[in-house]
2 protein chains.
Amino acid sequence: VGERPNQGFADRLAALVEERRSQIVLGLDPDPSALWPVAVEAGAESGGDATPAAQAAAAVERHCRAAIDAVADQVVAVKPQLACFERLGAPGWQALQNTTRYAQKQGLLVIADGKRGDVPVTARAYAQALLTGIDTPFGRIDGLGADAITANPMLGRDALEPLIEAANQANAGVFVLVRTSNPGAAEIQDEPAEAPLHEKLARLVHELGVGAVTGATRPDLLQKLRDLMPNAIFLLPGVGAQGGSAADLGPAFVNHPAGGLIASSRSIVGAGNAEAARAAAMQLKEAAWNASTVR
Amino acid sequence: VGERPNQGFADRLAALVEERRSQIVLGLDPDPSALWPVAVEAGAESGGDATPAAQAAAAVERHCRAAIDAVADQVVAVKPQLACFERLGAPGWQALQNTTRYAQKQGLLVIADGKRGDVPVTARAYAQALLTGIDTPFGRIDGLGADAITANPMLGRDALEPLIEAANQANAGVFVLVRTSNPGAAEIQDEPAEAPLHEKLARLVHELGVGAVTGATRPDLLQKLRDLMPNAIFLLPGVGAQGGSAADLGPAFVNHPAGGLIASSRSIVGAGNAEAARAAAMQLKEAAWNASTVR
């Protein structure tokens, strides 16, 4: 993490705020069933053989452009809600890119609101998607080129760092969730807990009756987590490259052999060919099955 | 939330695990610079006038198909890492959809690993993107159709519920992050805190020197958060539809008029036309500027 993260973004923002006497950000959460009429027309006109997704994406893009045109001199930034574009599939992602470019051309900053958060290697991929870009054997692929992003800090400091580094590189900003605006935030974010957050979350998961992601890198926590979530299916990342071992994961399986799932990517695919991948998968499968049948 | 969330998914999973004696999930985190040779060839052959993104997406899709073919009978599911597809733009999202369909055709479950988490209205959009789909004036758009998703619980119960409801509807499962596998998880997830999580996160944000998302719906917390993060830019969602008021946000601006940004979507765009949107933006801008200049 650089010396003054966010500084480039903060400077650009401060200049805009003072120039426009505005701290307002236009949220772009386009709902296909509540678009402005001009946008619905544009979608319908986008072609008889276009798919519903392509038409809806054309309409959403037109809606965002009209909203930006209407308020561009009253606001300093737009904040596209990534979910609203993702639900339109690939054409939706294209509409997000086009909307980002359009807003930037009108002199507005773009805050990509995706609230991403993941382990460091994956955080780097999100940074490439939203901020910087990636070099491939087929040429450079530019990222979205947002001026700032929102980020979820639940995974901790090492998971934020790749986002912050990429933001520094791109002269962009990062907004980290500290206290969100929804009513349900209080239970997790405000109530002091004598117990670690993972126990609070384990109780919530048990109550909701869903599955749990419980890293295989801390097998010492598994028995306690299993006690707190007797019925949950555990999804266990971290075996292999991250240092976890299938043989240590017994407590995940105490109730049923399907009580745990071991997710592995690099240790299966990393060898680079089908035969080695198959052998690695077989070996991992045996180790897990053995761990699950020792009670 | 239904009576037995995850049950349909859990039943399908249990049958597969016992049939194959495997609890292994193939992670699909394709890195364009480390694809299997057969995939790089497929990308290169995908057309002279294809963009780098289209070629890379074709290569990534072929890589995933080869990996699935190699281990399909050794594993019960695949777990595509959404970040790795998003960084290829719109063609990447299409490759994700194609990979999902291909894995399901081979009899595998698909766990879409995006770790999404957002306020309820946005969580519904993510649910539509990944699980169910959405009806538009242009026809139905199917979602990714994943068999399960991963979800980030930091926003609390009301933010998880739309994901769980959609999963029930789609006979799918939800895995909620409880304890992640990265080293940095310990600081946030394991250490007991006498203070609320939002204060722990505020200290982290201050230390990292980035911005903070601080909901406008709890103005009573703002002064404390400003004390903990004297230099951070606050991004303040929740004004308008969620009940927050710009006039209450003074503490966000104590250091600089650009110390806070007010994000508003429905209260600007909701009126449905450009004139009303412009008037709403002007009014909000005035209210915020006034709050920022009263010290």
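The report below goes from the barrel to the helices packed on it and then to the interface.

## Basis of the values

This is a predicted model, in which local features need pLDDT of at least 70 and side-chain atom pairs count only at pLDDT 80 or more, while totals for chains, interfaces and linings use all residues. Residues are numbered from 1 along each chain as its sequence is written, chains are lettered from A and ligands numbered from 1 in the order in which they are written, and side-chain values use heavy atoms, with hydrogens and water left out.

## The barrel

Eight strands with parallel pairing form a closed barrel, in the order E8(A)-E9(A)-E10(A)-E1(B)-E2(B)-E3(B)-E6(B)-E7(B). Neighbouring strands of this sheet are turned by 30° against each other on average, direction ignored. Strands (E, at least two residues) and helices (H or I, at least four) are DSSP runs numbered from the N terminus, and two strands pair if DSSP finds at least two bridges between them.

Strand E10 (residues 260–264) of chain A pairs in the parallel sense with E9(A) (residues 234–237) over four bridges; here Phe234(A) stands opposite Gly260(A), and Pro237(A) stands opposite Ala263(A). E10(A) also pairs in the parallel sense with E1(B), over three bridges, where Val25(B) is the bridge partner of Ala263(A). Five of the five residues of E10(A) are buried, a term for under 20% relative accessible area, with exposed meaning over 50% and partly exposed in between (1.4 Å probe, protein chains only). Gly260(A), Ile262(A) and Ser264(A) lie on one side of E10(A), and Leu261(A) and Ala263(A) on the other. In a regular strand the side chains alternate between the two faces of the sheet.

Axes are lines fitted to C-alpha atoms, for helices over the stretch in contact, and angles run from 0 to 180 degrees between N-to-C directions.

H5(B) (residues 89–105) has 17 residues and reaches 25 Å from its first C-alpha to its last, close to the 24 Å expected, the expected span being 1.5 Å times one less than the number of residues. Among its buried residues are Trp93(B), Leu96(B) and Thr100(B). Thr100(B) counts as buried because its relative accessibility is 2%, and, leaving aside neighbours within four places in sequence, Thr100(B) is in contact (heavy atoms within 4.5 Å) with Val110(B), Leu144(B) and Gly145(B). Just after H5(B), Gly107(B) takes a positive phi of about 85°.

## The interface

In all, 155 residues of chain A are in contact with 155 residues of chain B. The two chains bury about 12900 Å² between them, 64% of it on carbon and sulfur atoms; buried area is the accessible area (1.4 Å probe) that two parts lose on being put together, summed over both. Gln23(A), Phe138(A) and Arg157(A) lose the most area in chain A to chain B, together 7% of what that side buries.

The count between the chains is 12 salt bridges, each a side-chain nitrogen of Lys or Arg within 4 Å of a carboxyl oxygen of Asp or Glu. One salt bridge joins the side chains of Lys115(A) and Asp118(B) (3.1 Å, N to O).
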